[in-house]
Amino acid sequence: IPLLEQQQTRLQETEHEPVLAATVTAARFIWGNSVMRAVVVSICLLLCFLSVDNVAVVFLVRETLGGSAFAFGVIEAVFGFGMLAGSFWILGGAGGRWMATRLYLLSCALSSLASAGSGVAPSLAVLAPVQTVAGSGNGIEIVASETIIQQQVPRGLIGRVYGFTSSATSLGLGVAMAFGGILVDATSPRTTFLIAAAGGLVVTLGVAPTLLRAPATGPVAER
């Protein structure tokens, strides 16, 4: 009971930390933890590159491949199906045996390769399964990154680290949306996908050594 009271006191002391101070605290922890640093930086950079598909896929389907609005809806739907499939692959047991850091790397590789596949897809019939793979990468990434945070971050810092990670995610998405249209205009939907894929693979290879060296860890004890 005394230990529980001490833990509750620690949590209460940090609950009302000002936003700027909480951000600095989270940033310091993330930068000092090699696994979290690799994950948060790569999430932001991967989204900067790969999320341009939110813009490019519209033009790829409607203009390059001559698809209808219904066809675009189907492509979006199979991406969502892929997200579910990726998540259930982990829940079903096969992916659940993987270390979270390796699952994360797998998700990054799948998303990057699927972006390349989308860029060279000759038809909607080929694009659909490729987008399913992209969706599965996204679904696996969500589960893997959330698990890594739970494993690496002390309970008293979870909220601040989640907030910082969400901000990095939003930054990446914002950059992708801003430059996705510019890239499509300056090049083409196909080229935009291929540029995104190249950037995604470079980021994945950049963080792979750190994440592959990371030991298998369980949930972090309260500190």
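Author: Glutamate 76 lies in helix H5, where a helix is a DSSP run of H or I with at least four residues, a strand is a run of E with at least two, and both are numbered from the N terminus. The model is predicted, so local features need pLDDT of at least 70 and side-chain atom pairs count only at pLDDT 80 or more, whereas totals for chains, interfaces and linings use all residues. Residues are numbered from 1 along each chain as its sequence is written, and side-chain values use heavy atoms, with hydrogens and water left out.

With a relative accessibility of 38%, glutamate 76 counts as partly exposed, a class that falls between buried (under 20% relative accessible area) and exposed (over 50%), judged with a 1.4 Å probe and protein chains only. Although 59 residues separate glutamate 76 from glycine 135 in sequence, their C-alpha atoms are 9.2 Å apart in space.

Helix H5 spans residues 69-91 and is one of six helices, the others being H3 (34-50), H4 (53-64), H6 (100-120), H7 (124-152) and H8 (158-186), that each supply at least two residues to the lining of the largest pocket. A pocket here is an open set of points on a 1 Å grid over the protein atoms alone, where a 1.4 Å probe fits and protein lies on both sides within 12 Å along at least five of seven lines; lining residues have an atom within 4 Å of a point. The volume of the largest pocket is about 670 Å³, taken as the space filled by probe spheres set on the points.

In total 31 residues line this pocket, and Leu47, Ser51, Asn138, Glu141 and Ile142 are those nearest its centre. Helix H7 gives the largest share of the lining, 9 residues. Sorted by class, the lining holds 14 nonpolar, 13 polar and 4 charged residues, with Asp, Glu, Lys and Arg counted as charged, Ala, Val, Leu, Ile, Met, Phe, Trp, Tyr, Cys and Pro as nonpolar, and the others, Gly among them, as polar.

The structure has 1 aromatic pair. Tryptophan 89 and tryptophan 98 form that pair, edge-to-face, with 5.7 Å from centre to centre and 70° between the planes; ring centres must lie within 6.5 Å, and planes over 60 degrees apart count as edge-to-face, under 30 as stacked and the rest as tilted, with the six-membered ring used for Trp. Tryptophan 89 is partly exposed at 30% relative accessibility, and tryptophan 98 is partly exposed at 41%.
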